[in-house]
Amino acid sequence: MAAKKLRRAQLSQEMCERLSRYQITTCQDFLCLSLLELMKVTGQSYYEVQKLLCKVSRACAPKMQTAYEMKLRKSVNPSSAFLSTTLHSLDRVLHGGVPCGSLTEITSPPGCGKTQFCIMVSVLATLPVSMGGLDGAVMYIDTESAFSAERLIEIAANRFPTYFDSDEKLFCMTRSIHLYRELTCCSVLKRIMSLEEEIISKKVKLIIIDSVASVVRKEFDTKIQGNLAERSNFLTRGASVLKYLAEEFSIPVILTNQITTSLSSGPAIQADLVSPADDLSLSE
Amino acid sequence: MQREVGTLPLAPALRARLAAAGFQTAQELLDTGPCGLSKEIGISREEALEALQVVRQECHGDAARTAGASGATRRCTALELLEEEQTQGFIITFCSALDNILGGGVQLTKITEICGAPGVGKTQLCMQLAVDVQIPECFGGVAGEAVFIDTEGSFMVDRVVDIAAACVQHCHLIAEAQQEEDHRKALETFSLENILSHIYYFRCRDYIELLAQVYLLPEFLSEHSKVRLVVIDGIAFPFRHDFEDLSLRTRLLNGLAQQLIIIANDHKSAVVLTNQMTTRIGQSQSTLVPALGESWGHAATVRLIFHWDNSQRLATLYKSPSQKESTIAYHITSHGFRDVQPPAVTHSAEGTEVNPRKRPRTEEEKQ
């Protein structure tokens, strides 16, 4: 939306040409300027510039929907609102299962079963809708090289023996789980950015990132100055792209995190390592 | 009328030409007339006419201002302001302790900022307010509509349905207890569908969409004149990444704050913003402070900070021009934002409704 070129925002040809002489070609460049700067650059009066601003804003602004329309849309398709985890008490607490359209974070000390849970949910996502699955492919981004294909087949065969009765069915399931091994923050971010096209072409219905914490902790040592800001930049950028994908395609996104120590002496200091709220407050 | 030509909101090129031709005051321009003007500075008659219309509009506005009528700047006595403030409604939060420390609830025409760590209840309060602003006047509400601008994607319709259902239930109980005609009539329009239809939701994915939406808000609010609450959930999120140039960020945030103040005043609505917390590394320890820096702290009139104390949620009134700084505890129940214990003074209707408020915190935690 931000990179939308001004000529698609219904501005006149000559206005666009005039603005491009000042290197203002996208809506982002236009909206970041103050009113006086815009007057100078467009050569228009104050009121004209306000009208131009409204035109450009209309090209960028999101569409309005009432809460009622959102509710109606959800109730039209209730089964696609959650991915059931088949653990009844967990589903009950989550009001149906892992919600579609938002990010879910699973966190625990090492060895509690995060990766096992992710593997199981991958199997569930490939099941047909009649069995509680999403009948789609899975994008599995593995940063710890903890994914085991043998374990995947073991879980599938033992959990749903009646469904996976033939090797054919098992291979079909494994073909729809796409595994990507990424070992640096940069490659994880690049992979997340490239997900949009893959989701459409491969009919992906679940994204799993296991785990976000391991790459971040490896690369960003928070004691070095400036790293905290870099880290939070990386995390918020990744988070906003993932949120966009989750909402746009109405699919669940599962992230795993690790546990760290919270030092609580004096005022609340939450040293939760992968919280995007951690940011060096930059002086102005 | 003696206004200098350089201060008029004309196009810069035109202003330069007028200055070069020797025009100094607006009166001179008006005296010359469009034909004379076009001949002297070499522009077409239509352009000259347009310029004169702008000048006339400005001078008229100036005259109205000096006469004390309503214009771009308002002038009134403190007594008039007092009367206005006293008749103005508040948007209640259903947590009477919070309403008390705020002086009655969230004030209209002011910007209220809610800061807090993730998960402490900021979005819950925003959703509660979006429902509470619609409470009819006979029940003590402002009977308005709500605009919800979401930048983080944390708005859950199902949760709003729960909160709205509890609110309608509460009003029904009051109506039953007091048996007044206007209560019954108001309840006919105060239904779940109506509440949901009057929450206008915008999902802004980055800061450009947020800026664009705020530019378009005045137009939207004049079309929907019953809006009394604008919520921006997550003003910090879009501004915390992809900003190498921090001075640009400060400038954009200041511009945003000014526009929101104008919107709050012109349309008599409350503006509620939620902010994140960030860590400030001090000499020996680090503290959690609201994000977006020191200068952003001046934008909001009222600042609330939500935080945890072991497992109890607390709200601190950090900045307010009229109330003193204090901390209270609150709960998030399945019905929404509530007190920790029921209030001391209860009127008869709350006898039956008191159960949701009295539900102890431990039951929720076990779930």
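**Exercise 1. How many salt bridges are counted between chain A and chain B?**

Solution. This is a predicted model, in which local features need pLDDT of at least 70 and side-chain atom pairs count only at pLDDT 80 or more, while totals for chains, interfaces and linings use all residues. Residues are numbered from 1 along each chain as its sequence is written, chains are lettered from A and ligands numbered from 1 in the order in which they are written, and side-chain values use heavy atoms, with hydrogens and water left out.

Step 1: take the rule, by which a salt bridge is a side-chain nitrogen of Lys or Arg within 4 Å of a carboxyl oxygen of Asp or Glu. Step 2: apply the rule between chain A and chain B, which gives four salt bridges. Step 3: look at one of them, in which Arg58(A) and Glu219(B) are joined with their closest N and O atoms 3.1 Å apart.

**Exercise 2. Describe the contact between chain A and chain B.**

Solution. Step 1: with contact meaning heavy atoms within 4.5 Å, chain A contributes 55 residues and chain B contributes 62 residues. Step 2: the two chains bury about 5000 Å² between them, 61% of it on carbon and sulfur atoms, where buried area is the accessible area (1.4 Å probe) that two parts lose on being put together, summed over both.

**Exercise 3. Which strand of chain B pairs with β1(A)?**

Solution. Step 1: strands here are DSSP runs (E, at least two residues) and helices are runs of H or I with at least four residues, numbered from the N terminus; two strands pair if DSSP finds at least two bridges between them. Step 2: β1(A) pairs with strand β5 (residues 199-203) of chain B in the antiparallel sense, over three bridges. Step 3: within this pairing, Gln65(A) stands opposite Tyr201(B) of β5(B).

**Exercise 4. What is the strand order in the open sheet of chain A?**

Solution. Step 1: the five strands follow the order β4-β8-β7-β5-β6, with parallel pairing. Step 2: β4 (103-107) and β6 (177-181) of chain A are the edge strands, each pairing on one side only. Step 3: strand β5 (residues 137-142) of chain A runs parallel to β6(A) and is joined to it by five bridges, with Tyr140(A) opposite Leu179(A) in β6(A). Step 4: helix α7 (residues 114-126) of chain A lies across β4, β5, β6, β7 (204-210) and β8 (253-257) of chain A, at about 160° to β5(A), the angle running from 0 to 180 degrees between N-to-C directions of axes fitted to C-alpha atoms, for helices over the stretch in contact.
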